[in-house]
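Subject: Structure handover

Hello,

Here is the structure I promised you. Please open it next to this email and follow along.

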Amino acid sequence: MIALLFPGQGSQAVCMGKDLAEKFPSARHTFDEADEALGLKLSQLCFDGPEDQLRLTEITQPAILATSVAAWRVLNEKGVKPSFVAGHSLGEYSAHVAAGTISFADAVRTVRSRGKYMQEAVPVGTGSMAAILGMNFDDVVKVCADAAQGEICEPANINSPEQIVISGHAAAVERGAKLADERGPKRAKVLPVSAPFHCSLMQPAQDRLAVDLGALKFEQPRVPVVCNVYARAVEDADSSREALVRQVTGSVKWNESMQTLIARGVQTFIEVGPGKVLCGLMRQIDRSKKCLNVVDDASLIKTLEFLNAGVAPV
């Protein structure tokens, strides 16, 4: 049984999608479609940069989405049919495109707005995020509570048993990272991010995005989508919409989501889109599971060879 996983913000890199677009018409068409939907040369930014432009949240989010959908369309043409899909934060939109819940054009416009709303929700420098390594969830919750001191400090990404990211006011997150350093077996590190994602400081962004998502047409997913906020499969249009709204302020329960898929019988995971972040997390979650990736022609060939060898059903 196969699950497709779609990466989130942070996986972007100049040249992403370029190789697939040069070799596969469906990938090239995906970037053309994104350019037209947004009214800007997103493809050029993906293929050639500059990197500082690609790092802008309202560019990063549609760029990763377009690259992921381009890779998924090529994989789909090759006959790879997943039993489940899931995406990390922004990647949940890619998952819903793959599941047929929302159209690609609607998704790419929406995530551009999502990035803009998230960036504008908190003045630059007000918020921060930090990665805490080697500390269990209950202890991280205690660290956040002790660090808050009247400010916001919350678990944002529960990525694996070894990695949890906290988010909130900059001073509170810094206090949290210091406390985690003192109490934990491994180090905590403040991250170079532009906003405190996935915490209650994002409420203004969530309210704005809810209006946009409320105006979009959602279909029943053709493939169950394991969503971030509930760590369970959503299989109808209304639940899919609600999960995308709630994830702006809600924690990304990635570790629990992967455990849900494993419990449902998934043995093979394919990270579809730029980077190998999710494969790295899978090694921390369950090393016995195979995690492949597809971002260019070489990785596509390698993945198809593994699947066609009969090791996993296609």
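In which helix is K302 found? It is helix α14, which covers residues 297-308. Bear in mind from the start that this is a predicted model.

**Charged patches**

Stay with K302 for a moment. K302 is exposed, because its relative accessible area is 62% and the cut-off for exposed is over 50%. K302 also belongs to a group. Together with K276, R283, R287 and K290, K302 makes up a patch of positive charge on the surface.

There is a patch of negative charge on the surface as well. Its members are E235, D236, D238 and E242. Pick out E242 in helix α11, residues 237-246. Is E242 buried, partly exposed or exposed? E242 has 40% relative accessibility, so it counts as partly exposed.

**Salt bridges**

How many salt bridges does the structure hold? The count is 16. Here are some of them.

Begin with D146 and K142. These two form a salt bridge, and their closest N and O atoms are 3.0 Å apart. Why are D146 and K142 separated by about one helical turn? Both sit in helix α8 (residues 137-148), and they are 4 residues apart there, which means about one turn of the helix between them. D146 counts as partly exposed, because its relative accessibility is 30%. K142 is partly exposed too, at 46%.

Move on to E219 and K217. Their side chains meet in a salt bridge, with 3.3 Å from N to O. E219 is partly exposed, at a relative accessible area of 38%. K217 counts as exposed, because its relative accessibility is 60%.

Then find D286 and K289. Their salt bridge has its closest N and O atoms 3.4 Å apart. Are D286 and K289 buried or exposed? D286 is buried, and K289 is buried too.

Some salt bridges share partners. In this way K116, E120 and R208 are joined into one network.

Now look for T57. You will find T57 in helix α5, which spans residues 57-77. T57 has a relative accessible area of 4%, so it is buried. What joins the side chains of T57 and Q9? A polar contact of 3.3 Å does.

Compare two pairs of residues by sequence and by space. T57 and Q284 are 227 residues apart in sequence, and their C-alpha atoms are 27 Å apart. V226 and A3 are 223 residues apart in sequence, but from C-alpha to C-alpha they are 9.8 Å apart. A gap along the chain is one thing to check, and a gap in space is another.

V226 itself is in strand β7, residues 225-226. V226 counts as buried, because its relative accessibility is 2%.

**Backbone details**

Which residues does a cis peptide bond join? They are G49 and P50, and omega there is about 10°. P50 sits in the loop between α3 (42-48) and α4 (51-54).

C15 lies in the loop between β1 (2-6) and α1 (18-23). C15 counts as partly exposed, because its relative accessibility is 45%.

Where does S89 lie? Its place is the loop between β2 (84-87) and α6 (91-99). S89 has 10% relative accessibility, so it counts as buried.

- Find K302, and then the rest of its positive patch: K276, R283, R287 and K290.
- Go to the negative patch, with E242 among its members.
- Look at the salt bridge of D146 and K142, then at that of D286 and K289.
- Find T57 and its polar contact with Q9.
- Finish with the cis peptide bond between G49 and P50.

Best wishes

Definitions and conventions. Residues are numbered from 1 along each chain as its sequence is written. This is a predicted model: local features need pLDDT of at least 70, side-chain atom pairs count only at pLDDT 80 or more; totals for chains, interfaces and linings use all residues. Side-chain values use heavy atoms; hydrogens and water are left out. Patches are made of residues with over 30% relative accessible area and no salt bridge: like charges are joined within 9 Å, nonpolar side chains (Val, Leu, Ile, Met, Phe, Trp, Tyr) within 5 Å. Accessible areas come from the Shrake-Rupley method with a 1.4 Å probe; for residues, only the protein chains shown count as cover. A salt bridge is a side-chain nitrogen of Lys or Arg within 4 Å of a carboxyl oxygen of Asp or Glu. Lys and Arg count as positive and Asp and Glu as negative; His and the chain ends are not counted. The place of a charge is taken as NZ of Lys, CZ of Arg, CG of Asp or CD of Glu. Helices (H or I, at least four residues) and strands (E, at least two) are DSSP runs, numbered from the N terminus. Buried means under 20% relative accessible area, exposed over 50%, partly exposed in between (1.4 Å probe, protein chains only). A polar contact is a pair of N or O atoms within 3.5 Å; within protein, one must be able to donate a hydrogen and the other to accept it, and residues adjacent in sequence count only if both atoms are side-chain atoms.
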